[in-house]
Amino acid sequence: MALLDKLTSGSSTPPDTSGMSKQAKLVCELVADFNSNNLLTQIRNNNRSKSDIDKTYKYPDHFTSELIETKNFKMELLKWKNSHNPYIVLQLHGGGYVGAFKTQYRMFAGLYSELGKGASVLSIDYRVAPENPYPAALNDALYAYSENHIILAGDSAGGGLAMALCHYLTDRDRILPAGIVAMSPWTDLTASGSSYTENFEIDPLFGNTNESLIYNSVYPGNHDLTDPYISPLFGDFTGFPPMLIQVGSNEMLLSDSVLVAEKAKSQGVKVRLSIYENMFHVFQMGMTLMPESKKAWVEVSKFLEQMMIL
């Protein structure tokens, strides 16, 4: 049975793939099919907290990588051989604060370094809930942060964590990063935005259920969900560095990006909000395989070039 047939035969609403490239349609249908299969979802949930940071990964020959172990977590530093670029992209991975570092973020790291003209990339395998709820992830991100030539980059929860970290730094008059790249950032754990209902039936990842982690996060524990260190939407963005925010129009988390962009702009922050039509949560995972994700990464490249004073 074709994927689309399988999707339409169930109770879930099939994803809206109109206006997508052929590659994006296939990926979207695969995501929706995966999430409509309870067994596959259970397998994925069971593997969330299992980190890939210790797994062997072969980068292209022009890279070197170093595994760094701290008291509470591990990091991987990716460097471009013979590069004199002083900038470091601090990559904060997604996963709803319950998913550990996965191998695909090494591909992200490679792209960030390539597009950043030889910038190093520090990817951190921060502690996750439920074993390590808030503020573990924020504390680990803070530990990894340095105050010179840093650009924060994150997707989903990692994008929200990047903004939460920036709120923390601002509140303590610390030197801020040169910029923030946020892909489909999770900025509102109260789920108050209109897209949570408007896109409920068309989001292939989180749609058609109230059981997903965006409604049942264990990360905050008993803390106030409107704390800006948990939901950065509710913080003051005055003084923030420039931000590139990318999000898909079909996401339930669309409002998380739109509302942050509007608020930050009103407080004097330079923000580029790019809404990609008919795209789903963190569609940039398509890397160079989809025209839409390729376009998004080209935009990241231009942003990094503007942020880096070389």
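A charge sits over a ring if NZ of Lys or CZ of Arg is within 6 Å of the ring centre and within 35 degrees of the ring normal. Keep that in mind and select Arg172 and Tyr168: the charged end of Arg172 sits over the ring of Tyr168, 3.6 Å from the ring's centre. One caution before moving on: this is a predicted model.

**Stop 1: the sheet**

Switch to cartoon and pick out the strands. You'll find an open sheet of eight, ordered β1-β2-β4-β3-β5-β6-β7-β8, with mixed pairing. At the edges are β1 and β8 (271–276), each of which pairs on one side only. On average, neighbouring strands here are turned by 15° against each other, direction ignored.

Now zoom in on residues 63–69 and 74–80. These are β1 and β2, which pair in the antiparallel sense over seven bridges. A hairpin of four residues takes you from β1 to β2. Show Glu69 and you'll see Lys74 of β2 standing opposite.

For the other sense of pairing, go to β5 (residues 150–155) and β6 (residues 179–183), which run parallel and share five bridges. Which residue of β6 is the bridge partner of Leu152? Select Ile180: that's the one.

**Stop 2: helices on the sheet**

Next, select residues 104–115. This is helix α4, which packs on the sheet and touches β1, β2, β3 (88–92), β4 (120–125), β5 and β6. The direction of α4 makes about 35° with that of β2.

Then take residues 136–144, helix α5. This helix also packs on the sheet, touching β2, β3 and β4, and its direction makes about 150° with that of β4. Why can α5 be called largely enclosed by the rest of the structure? Because seven of its nine residues are buried. Colour them in: Ala136, Ala137, Leu138, Asp140, Ala141, Leu142 and Ala144. Those buried residues pack against β2, β3, β4 and α6.

**Stop 3: the nonpolar cores**

Time for side chains. The largest nonpolar core has 54 residues, and the members that touch the most others are Leu90, Ile124, Leu138, Leu165, Trp186 and Met243. Helix α6 (residues 157–171) supplies the largest share of this core, nine residues.

Centre the view on Leu165. Leaving aside residues up to four places away in sequence, its contacts are Leu90, Leu138, Ala141, Leu142, Tyr145 and Leu152.

**Stop 4: aromatic rings**

Last, show Phe, Tyr and Trp. The structure holds 16 aromatic pairs. Start with Tyr59 and Phe63: the ring centres are 6.0 Å apart and the planes at 70°, so this pair is edge-to-face. Both Tyr59 and Phe63 are buried.

Compare Tyr276 and Phe283, a tilted pair with 4.9 Å from centre to centre and 50° between the planes. Are Tyr276 and Phe283 buried or exposed? Both are buried.

Finish by selecting Phe101, Tyr105, Phe108, Tyr112 and Trp297, which ring pairs link into a cluster.

Technical notes:
Residues are numbered from 1 along each chain as its sequence is written. This is a predicted model: local features need pLDDT of at least 70, side-chain atom pairs count only at pLDDT 80 or more; totals for chains, interfaces and linings use all residues. Side-chain values use heavy atoms; hydrogens and water are left out. A nonpolar core is a set of buried Ala, Val, Leu, Ile, Met, Phe, Trp, Tyr and Cys residues joined through side-chain atoms within 4.5 Å. Buried means under 20% relative accessible area, exposed over 50%, partly exposed in between (1.4 Å probe, protein chains only). Helices (H or I, at least four residues) and strands (E, at least two) are DSSP runs, numbered from the N terminus. Contact means heavy atoms within 4.5 Å. Two strands pair if DSSP finds at least two bridges between them. Axes are lines fitted to C-alpha atoms, for helices over the stretch in contact, and angles run from 0 to 180 degrees between N-to-C directions. Rings of Phe, Tyr and Trp (its six-membered ring) pair if their centres lie within 6.5 Å; planes under 30 degrees apart count as stacked, over 60 as edge-to-face and the rest as tilted.
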